[in-house]
Amino acid sequence: MAYLTFNKAELVNLEYSLQREIFATNRAGGYCNTTIVCCNTRKYHGLLVVPIDEFGGENHVLLSSVDETIVQHDKAFNLGIHRYGQCYEPRGHKYIVDFEIDKNVAITYRVGGVVLRKEMMLSHNKDQILLRYTLLEAHSPTTLRLKPFLAFRNVHSLTKANMEANTKYIPVANGISSQLYQGFPPLYMQLNVKNEFISHPDWYYGIGYQEEARRGFESQEDLFVPGYFEMAIKKGQSIIFSASLTEEQPSLIERFYEKEVAQRPARDSYRNCLELAAQQFIVRRNNATHVMAGYPWNGYIALDTFVALPGLTLSVKEGVKTCKEVLDTMMQKNPGMIESADASLWYFWTLQKYVEVTNDPQALWSEFGTSMKEILNGYKQGSNPAILLHENGLIWAEAPGKALTWMNAHLNGHPVTPRSGYQVDVNALWYNALMFSLEIARQVGDDAFVRQWEDVPTRTKENFLRAFWVESRKHLADYVGPEGQNIFMRPNQLFACSLPYSPISDEIKATVLKAIESELLTPRGLRTLAPKNPLYVGLYEGNQEARDRAYHQGTTRPWLIGHYIEACFKLWGPRFDQQATELLKGFEEDIATHGVGSIAEVYDGDPPHQPHGCPSSAAGVAEVLRSLRLIEMVKKQLNDSITKP
């Protein structure tokens, strides 16, 4: 029995099934994403979505969906499903009797005496989707028809019927190729068996995406269908449909499919689901290795990369090599990056986690020391004029009309949470970066670097508590701006407790963590603002403006749970083990309810903490994985201390 299970009686209930999304990536930037009944609800959904270098490397939906039709005794039963206005047509979901996801996705349909199993698999390191159809039961001659719906457009836009589209096709072995617009690669649609392609070019108008409508965006588009493939299928026979950017040899399609399936890991546990999800965020393309911040729409974001990288790589087997590949890519792209106040400082935290595993400070300094120095000097010399190191050892970040930290939502051209001044998270990260760099420099004998920087963290530590401590509330201010302390209760102060080097005492940490537990901690992570605050928004709903207003004003962030657990372990040791385990259980409960097998970007601040944002978040998956690893390490250390003679 598969680990991920679903209420089979509810599969035909669209309120149940349309909330559950499935993902697969090809590890090269492409993905397949739809709902468990294959009804697309987002403009980002599609069976084959790939980056196209000719269009800046952005993702484009080529194959939106495929409708299957079973024909017996001249009666046709369409298994597809699309939304038009408020109606669904056809309503193929009513024939679904089973859904499974393990090494691949499998949907079973029953139409009278016919039982058809459909399996979906995205090839690795190749722009190709494979659909395998197996006729499990049939008492009469059966015909299978496959109708592809083509989009050929950017994931952030929608397409309309137009005269510019090239509606012609080119016959290829056991299929056709289609190239709707100039500049796009041709899409080869082929089968492993002989078939007849019936040309019937037509636009399907007004296909709607309910999630886009709910989010306040344009939600209808027209998709082009060139015709359909038709072939007989016998009981026990499997037929494989391939949509690829390269022409395939039909005789090799089945062998390739079987080889791909055999190499896939099983989703047979919570941990394995997360590890598989973690692998899907790593993108190797054009001799570079990146981290995708979230599927389906978040791209390559520096801060998200550094926040997620340790959990995505160092928490799994053979992850050190991948971690270094990403670090190398990031440094080649921008070695002295200070685009925001905090992203570059998270880089040092990633290096800390990396060297904990490699245990080779000399290699670290040799490979990354130059970029570390450039970043620190950039803060000191003001390479970004909006971000400055003051004489008191603290970083001041301020730019009119801009948000310079990870809380960067904007509304009508203005930041929702500007946080101008000394930010508590930025300065905690700054102190940690300085102390870590000095630690490594001393170990490898870089005396010149030590002399240049050794006095700065002393000033930072002396002034940190003076700037941020709020005596009346027993927690740290979120930032100190021109108007003084902003005493909003936010999770940014957490990093002063969780980072390897902290400018505050354990006594202060204990009071901060107590305040966080009381006002911010939920079963799905930490809220971005305490509910007592008049600006708090507990639900992440509505149009773009409403969601931007809520994004950092109350939504719960799963990735913060990793730093909370780490901070508590640092302070209270193994006795926090049981509570840490309990905190992670909520995510396992959600593993099959939104982004199947993954963790969402944000959750409502209010109970029952519904998931929102990107259904699959790199930082969320990473920090839950890292937390599981932390718990394992604490248990091992405890067991070793007990058994040690």
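**Entry 1: terms and ground rules**

I began with the term cavity: on a 1 Å grid over the protein atoms alone, a cavity is a set of points where a 1.4 Å probe fits but cannot get out, and lining residues have an atom within 4 Å of a point. I joined grid points across faces, edges and corners, and took a volume as the space filled by probe spheres set on the points. I am working with a predicted model, where local features need pLDDT of at least 70, side-chain atom pairs count only at pLDDT 80 or more, and totals for chains, interfaces and linings use all residues. Residues are numbered from 1 along each chain as its sequence is written, and side-chain values use heavy atoms, with hydrogens and water left out.

**Entry 2: the largest cavity**

I looked up the cavities of 30 Å³ or more and found five in the structure. The largest cavity holds about 220 Å³ of space. I counted 19 residues in its lining, with Phe23, Ala24, Lys103, Arg264 and Arg267 the closest to the centre.

Next I checked which elements line it; helices (H or I, at least four residues) and strands (E, at least two) are DSSP runs, numbered from the N terminus. At least two lining residues of the largest cavity come from each of β1 (21–25), β10 (114–122) and α4 (270–280). I noted that β1 gives the most, four residues.

I then sorted the lining by class (Ala, Val, Leu, Ile, Met, Phe, Trp, Tyr, Cys and Pro as nonpolar; Asp, Glu, Lys and Arg as charged; the others, Gly among them, as polar). For the largest cavity I got ten nonpolar, four polar and five charged residues.

**Entry 3: the second largest cavity**

Here I found about 120 Å³ of space. The second largest cavity has 14 lining residues, and Phe23, Ala277, Gln280, Val596 and Ser598 lie nearest its centre. Two or more of its lining residues come from each of β1 and α4, and α4 has the largest share, with four residues. By class I have eight nonpolar, five polar and one charged in this lining.

**Entry 4: salt bridges**

I moved on to salt bridges (a side-chain nitrogen of Lys or Arg within 4 Å of a carboxyl oxygen of Asp or Glu).

Glutamate 325 pairs with arginine 284, their closest N and O atoms 2.9 Å apart. Glutamate 325 sits in helix α6 (residues 319–333) and arginine 284 in strand β19 (residues 282–285), so this pair ties together parts 41 residues apart in sequence. Glutamate 325 is buried at 18%, while arginine 284 is partly exposed at 37%.

Lysine 353 meets glutamate 356 at 3.8 Å, N to O. Both are in helix α7 (residues 343–358), three residues apart, about one turn of the helix. Lysine 353 is buried at 8%, whereas glutamate 356 is exposed at 53%. I also found Lys353 and Glu356 in a network of salt bridges with Glu566, Glu623 and Arg626.

Arginine 524 and aspartate 590 form a salt bridge at 2.8 Å, N to O. Arginine 524 is in the loop between β31 (521–522) and β32 (525–527), and aspartate 590 in the loop between α16 (577–589) and β34 (602–603), so the pair joins parts 66 residues apart in sequence. I noted arginine 524 as buried at 9% and aspartate 590 as buried at 14%.

Note on methods: On a 1 Å grid over the protein atoms alone, a cavity is a set of points where a 1.4 Å probe fits but cannot get out, and a pocket is an open set with protein on both sides within 12 Å along at least five of seven lines; lining residues have an atom within 4 Å of a point. Buried means under 20% relative accessible area, exposed over 50%, partly exposed in between (1.4 Å probe, protein chains only).
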